[in-house]
Amino acid sequence: MPVLPPLGIRLSPRFPALARYSPGETVERNCSAGGSIPRTELRWTINGSPAMALELVEYPDKVEKDGRTTTTTGIKLITNQHFHRGVARVSCIATINEQKLQTLSEILYADSTATVAYNTHLANAGVGASQRYEVFVFFTSFFLRFWRCTII
């Protein structure tokens with residue numbers, strides 16, 4: 001059987017690094033590898049340690065007519081348990097036949113001053129509001145980077 005690497009590997013939802021998660025909030029991340037033969041194995045690490053089974057969310061594979069498989073697995077972590085000094089690093093490691101293909105990592109931040117859970121905020125915002133939020137965050141982030149560069 002031929003081995004075809006995934007067409008792409010991605011983490012979702014988008015823009016987690018711009019979020020500040022509130023204390024006690026459950027943070028949910030997904031990792032997907034699309035269109036591989038055979039199935040891409042996805043595993044998670046939290047702060048460099050393998051995620052435990054109770055932290056993982058398994059989704060059914062999608063198999064295309066040509067045999068390519070899209071695999072998705074998720075992770076749930078709680079800010080009080082996994083964040084150290086307000087920071088957690090999560091990584092998704094993609095392999096086929098025990099051959100490492102790619103590692104995607106993110107640094108997530110907790111903020112004790114956050115009054116609304118980030119995931120709840122996005123869930124209640126709706127598609128239109130979410131898109132406006134992404135544009136707002138992009139321009140705010142750009143402005144802060146520009147401002148920081150001009151001062152330093």
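Mentor: Helices (H or I, at least four residues) and strands (E, at least two) are DSSP runs, numbered from the N terminus. The model is predicted: local features need pLDDT of at least 70, side-chain atom pairs count only at pLDDT 80 or more, and totals for chains, interfaces and linings use all residues. Residues are numbered from 1 along each chain as its sequence is written, and side-chain values use heavy atoms, leaving out hydrogens and water.

Trainee: Where is Arg68, and why is Arg68 called buried?

Mentor: Look in the loop between strand E6 (62-63) and strand E7 (69-78). Buried means under 20% relative accessible area, exposed over 50%, partly exposed in between (1.4 Å probe, protein chains only). Arg68 has 19% relative accessibility, so Arg68 counts as buried.

Trainee: What does Arg68 touch, leaving out residues up to four places away in sequence?

Mentor: Contact means heavy atoms within 4.5 Å. By that rule, Arg68 touches Leu4, Pro5, Leu7, Gly35, Ser36, Ile37, Lys62 and Val63.

Trainee: How do you know that E3 and E4 pair?

Mentor: Two strands pair if DSSP finds at least two bridges between them. Strand E3 (residues 41-46) and E4 are joined by two bridges, so they pair, and they run antiparallel. Ile46, for one, has Ser49 in E4 as its bridge partner.

Trainee: Which sheet is that, and what makes a strand an edge strand there?

Mentor: Four strands form an open sheet, ordered E4-E3-E8-E9, with antiparallel pairing. Strand E4 (49-50) and strand E9 (99-109) are its edge strands: each pairs on one side only.
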